[in-house]
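Subject: Structure handover

Hello,

Here is the structure I promised to pass on. Please open it alongside this email.

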Amino acid sequence: MGPSSKFRHIEGSVRHRDTHITNLKALNLTTPGESDGFCTNAQRVAVPLSTPGGQIAVLELSKPGKISDTFLPTVQNTVNVADLCWDPFNPRRLAVAGEDAKIRVWTVPEGGLTETLTEPDLLLQGHTEKIYSIRFHPLASGLLVSSSYDLTVRLWDLGTGQEVKVLSGHQDQIFGLGWSPDGKLLATVCKDGKVRVYDPRKSTAPVEEGPGPGGHRGARVVWVCKGEYFLVSGFDSNSQRELSLYSVGALASGPLATTEGDVSPSTLIPFYDPDTSLLFLTGKGDTRVCIYEIVPEQPYFLECSSFSSQEPHKGLTFLPKTACDVREVEVARGLILTKTTIEPVAFKVPRVKKDFFQDDLFPETAVWWESSLSSSDWLAGSNGKHRTIKLRPSDMAPVSEAPKEVPVKKYMPSSYYLEEKTDEQKKDELLSAMVAKLGNIDDPLPQDGFEGVDEDEWDD
């Protein structure tokens, strides 16, 4: 039997209905299969609607409940939405890629939308065909990357509103792209059957490439294991979903490991939590969320329990780690989009000593919602690193420091003492057995087994 994950019994559960956003209508289901379809940050969620004008509902997570039937303020994007994402360092700034090859950048008012927005702060133009996906840089503020059907990947500086890099080398549609955790490299997966890695500050051509998924129905890429590997969720040549793990620096030799999924038309959209190394995967229209722990040695994929929703969901995104209830051993919290609702789902690990902070599951977490350098500094060659914070509440002791339990002394059942004995022996030994069961006064008390505990800390 091979190794197993300490997260293997992870449990997903939809939170109470009081936390749901309901009565969501006219959901846009035509965003590309590789787009998350909606996006969230710690404060709000943005959901494209199918109503004319590329409208996007922006809803405050602090105000759950039923959406009004009469008035819903929106972002009026004017053209259909291809992809959208929040600026990680500004919870009010939303970037939207349109089918007209332009990117519009919007600022939501403090406290949320109260009226429809019609004028973006910024309009980024340069692509010649429809944009496929957009991603903010993980460390440098105001730096955005986009891919397009024009077969280019472009970097944009939102501070100047200018295009700063154009990456080439793709021979077909670019399915997905992802920044490395340190923000130095960019990986792409392409319909031409290749995966590529770029170092955008050194070259506009890929610095490495290798064979990608055999299928041509879409794929996504996400970096794992401290940026030493990345994972591609795509299809094999028989249209079966598969996951492939690549070692950066060895792309030419193909994937290190591949695991097969089920047969479904929708691309598996991955979310990776670097603290736990857990990978969550689901596709639009699925009812199941698959979970793996990714490890940097054989067998690479450690399968954990999956989560199933009652009805097919239209998307799944995740909130920052600070949204998790660590007292309940909640290691991740997502938002599931259905036809008419947005529902929080908590992923928890069953543990016995929940009085203690489970420090083996909650290392210090990166404050990825703060930038560590400016876009101009990054473009000039500087690198940054996120600071980290502890998740342990001040009133909880770590489980690694929990006192060891004293072994309980075992006594034989009274029947043992009653076999083949004289009446007098039976009486004496039965009496001894009863005394032993009640606890011998010479036995040590439980607190005697612990060091560094004052006498007055024990209950009477």
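Predicted model: local features only at pLDDT ≥ 70, side-chain atom pairs only at ≥ 80, totals over all residues.

Start with strand β21, residues 220-224. Five of its five residues are buried, so the strand is largely enclosed by the rest of the structure. Both faces are covered. R220, V222 and V224 lie on one side, with V221 and W223 on the other. In a regular strand, side chains alternate between the two faces of the sheet. Strand β22 (residues 229-235) runs antiparallel to β21, and five bridges join the two.

Next, the cores. The largest nonpolar core has 23 residues. I10, L278, F280, I291, V331, F347 and F362 touch the most other members. Elements giving two or more residues to this core are β26, β27, β30, β31 and β32. The largest share, three residues, is from β31. Take V331: beyond its neighbours within four places in sequence, its contacts include F7, I10, L278, F347 and F362. There is also a second, separate core of 17 residues, with A257, L279, C290 and Y292 among them.

Last, E60. This residue is in strand β5, residues 55-60. Is E60 buried or exposed? Its relative accessible area is 12%, so E60 counts as buried, the cut-off being under 20%. Its side chain makes a polar contact of 2.8 Å with that of R44. Leaving out residues up to four places away in sequence, E60 also touches I21, Q43, G111 and G112.

Best wishes

Notes: Residues numbered from 1 in each chain as written. Heavy atoms only, no water. Helix = DSSP H or I, 4+ residues; strand = E, 2+ residues; numbered from the N terminus. Buried < 20%, exposed > 50% of the residue type's maximum accessible area, 1.4 Å probe, protein only. Polar contact = N/O pair within 3.5 Å; in protein donor to acceptor, adjacent residues only side chain to side chain. Contact = heavy atoms within 4.5 Å. Core = buried A, V, L, I, M, F, W, Y, C linked by side-chain atoms within 4.5 Å. Pairing = 2+ DSSP bridges.
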